[in-house]
Amino acid sequence: MMNKKNIVKTDIKELKVHSLGRVEGDLDVKIFIENGVVVDAWTEATMFRGFEMILKGKDPQAGLIVTPRICGICGGSHLTKAVYALDTAWGTEVPPNATLIRNIAQASETLQSIPRWFYALFAIGLTHRNYNYSKLYDEVVRRWAPFAGEHYEIGVTISAKPVEIYAIFGGQWPHSSFMVPGGVVSSPTLSDITRSISILEYYRENWLEKILLGCSVERWLENKTWDDILAWLDEKQEHRDSDLGLFIRHSMEIGLNKYGAGPGRYLASGSFFHPHKYRYPTIEGRNASLIARSGVFDGEKFHDFDQARIREDHTYSFYRGSGSYHPFEGVTEPIDPVEGQKEGKYTFAKAPRYDVMGIGETPLEVGPLARQVIAGRPDAEEWQDYDPLFLNIIKEVGPSAMVRVLARLHEAAKYYVRVREWLKQIELNEKFYVKPRELPEGRGFGATEAARGALADWIQIKDGKIENYQVVTPTAWNIGPRDRHDQRGPIETAMIGVPVNNPEDPVELAHIAQSYDSCLVCTVHAYDAKTHKELAKYEVIKI
C-alpha cells in the first residue's frame, strides 16, 4: 500500500502570455507553472508579416525602403543592414565619411532606445505593488511610476534628443532611406556637426551623467568587473542614488538577479565599421573591419562569427516543410495555422540557430548582453571595442534578467563616447558617396546590431530583380520556437525556473519578456489548468 505521507501534492497552472510581437506583431507564450515555478514554456508568434515575400521580384534597392518599415523604433538598424547587403552584392566603394555617418546614425538610434525602453517599458514594472516590501520601493515609485514618476518624464523626454542627430544626417527619423549603396545621400555642414555635438552633450549632461550614472561617463567605464561595480556603488552616495545604482540595489533586493538566465550562449553579428578598413565591403572582410566585434560565446569559449553557419529551422513553424535552411536558401511559404497545428507546429516565427563548432546547431541569445559578452573576447585590435565587464559578470554571478538590463544601460555610456569620436572624424571636404555599378546578378549579406540584438539581411539578385530576400531579426533569435532537436528558443529557456508569486498577476514573466525587449506589447492572461478559468489579465503597453 502506498504511504500517503510520501505523496507530494502539486499545484499546476497554465498561463497564456499574449501579444509578445515579432516587430509589432503578436506573440503568445504558453507557460506551465508547478508549485509556483515555471516548468515549461512555448512561444507562439500569431501574426504572419511576409516581408520576404513582398520583396521578391522587386528592384534590388527596394529593401532600403521596405525593411525600415519592419519596425517603427529601429528602422535605422534595418536600413543599415539592408544597405550593406547591397554593398556586398554590388561590390561598391563606401567613402570613410559615409561609414562614419552610418555609424553615427545607427548608434544615435540606440542611444534613443535606451532611456525610452528603460523608463517607458521596463522600470515601470519595478513599481509593481508586489514589491512594496522593498526598502527602496517608495523611491522606485517616486522616480519610475508611469507618467507620474519624476525620472520617467525626464527619461522619455530625453530619448527624443539622439534621433535629432539621426534626422540631421538622414533627413528624418524613423523610416529614413538616406543610406544607399556606395555611401549616403547627405552632405553635412560644419553647422550640422556642431549642432549634433551640442545635442549629444545635452543628452550626457541632463540624463546620462546627472540621472543615470551619478558620475562621469569616464568613471563608469572604469568598471571592469562585478566587484568594481559593487565598489562603485559604495564609493559615493551619488552613485548609490543614481538610477543605475537604484536599479542594481532594488533588483538584488527583489530577486531579479536570480532568474531569467536564458541559454547562456550568445551571438553578436557586430556593428560599426572602421571607416578605412571597410571601404570595399565584402562578406569575407566584414569581421576584421568591425569596431564592435562579432562572435559567438558557447558558455566556455569564443568562436568567430560566420554567417554561413546560420540556419532557420521550420519544424515547429507555420511554414511548408520541416527543414533547416541557410537564409540564402531560405523558404518563406506560410501555411494555414490550423493545418500546421495538425503537424505539431505552433508559431509563425522561424527558429534561428547557429552551427557552433563542436556543438552543432544551437539556440543563441542576442542583444546587449550578448554583444557585451563578445566585447570581452581577448586579442582585440587597438581600435576595436574591448570591454571585459560582462564576461566577468556572467562568470562571477551568472546571467539574469538584471544583468541583461544592466548590459543595455551600460551601452548608453559606450555609445555616447563612440558618437562623440566619430563626429570629430568627419572630413567635410571629402566624398560621402561613390556611384556603384548596379549589377544584374549577385548575392549579398548585411548585418548590424540593433538595440535589441543581431539583425541581418541576405539578398540574391537575378536578372536585375530580387530573387530571394531573407531577414533574421533579434526578435526571431530570442523568441524563436523549438527546433527539430526539441531545443527551446532563448525566451522559452529564460522562462524556465521563474518564480511566480501570484499567478493572478504574474509580473515576473513580464520582466523576462521586457528584459529582451523583443519589439513587443505584452498582455498576460492567467488560467487555472484544471478549470481553464481565466484568473486575471496583466497588460503592459509599449510606448
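In this predicted model, A268 has G295 of strand 9 as its bridge partner. The two strands involved, strand 6 and strand 9 (residues 295-297), pair in the antiparallel sense over three bridges. They belong to an open sheet of three strands, ordered 6-9-10, with antiparallel pairing. Strand 6 (266-268) and strand 10 (302-303) stand at the edges. Each has a single partner strand, so one side of each is left without a neighbour in the sheet.

Strand 16 (residues 453-462) runs antiparallel to strand 17, and seven bridges join them. K462 stands opposite K465 in strand 17.

A helix covers part of this picture too.

**Helix packing**

Two packed helices are described by the angle between their axes and the distance between the axes.

| Helix pair | Angle | Axis distance |
|---|---|---|
| Helix 4 (residues 96-122) and helix 19 (residues 507-516) | about 165 degrees | 11 Å |
| Helix 6 (residues 150-158) and helix 8 (residues 190-213) | about 145 degrees | 11 Å |
| Helix 7 (residues 162-170) and helix 8 | roughly 165 degrees | within 9 Å |

Helix 4 and helix 19 are therefore roughly antiparallel to each other. Helix 4 passes helix 19 in a right-handed crossing. On helix 4, the contact is made by W117, L121 and F122. Helix 19 supplies H511, Q514 and S515. By class, the residues of this contact divide into three nonpolar, three polar and no charged.

Helix 6 and helix 8 cross in the left-handed sense. From helix 6, H151, I154 and I158 take part. They meet Y202, Y203, N206, W207 and I211 in helix 8. This contact has six nonpolar, two polar and no charged residues.

P162, E164, I165, I168 and F169 in helix 7 face a set in helix 8 made up of D192, I193, R195, S196, I199, L200 and Y203. Sorted by class, the contact of helix 7 with helix 8 holds eight nonpolar, one polar and three charged residues. Y203 of helix 8 is listed in the contact with helix 6 and also in the contact with helix 7.

**Aromatic pairs**

The structure holds 26 aromatic pairs. One of them joins F32 and W42 in an edge-to-face arrangement. The centres lie 5.6 Å apart, with 85 degrees between the planes. This pair links distant parts of the chain, ten residues apart. F32 sits in strand 2 (residues 27-34), and W42 sits in strand 3 (residues 37-45).

Key: Residues are numbered from 1 along each chain as its sequence is written. This is a predicted model: local features need pLDDT of at least 70, side-chain atom pairs count only at pLDDT 80 or more; totals for chains, interfaces and linings use all residues. Side-chain values use heavy atoms; hydrogens and water are left out. Two strands pair if DSSP finds at least two bridges between them. Helices (H or I, at least four residues) and strands (E, at least two) are DSSP runs, numbered from the N terminus. Axes are lines fitted to C-alpha atoms, for helices over the stretch in contact, and angles run from 0 to 180 degrees between N-to-C directions. Angles under 35 degrees count as roughly parallel, over 145 as roughly antiparallel, 65 to 115 as roughly perpendicular and the rest as oblique. A crossing is left-handed if the near helix is turned anticlockwise from the far one by less than a right angle, and right-handed if clockwise. Contact means heavy atoms within 4.5 Å. Ala, Val, Leu, Ile, Met, Phe, Trp, Tyr, Cys and Pro count as nonpolar, Asp, Glu, Lys and Arg as charged, and the others, Gly among them, as polar. Rings of Phe, Tyr and Trp (its six-membered ring) pair if their centres lie within 6.5 Å; planes under 30 degrees apart count as stacked, over 60 as edge-to-face and the rest as tilted.
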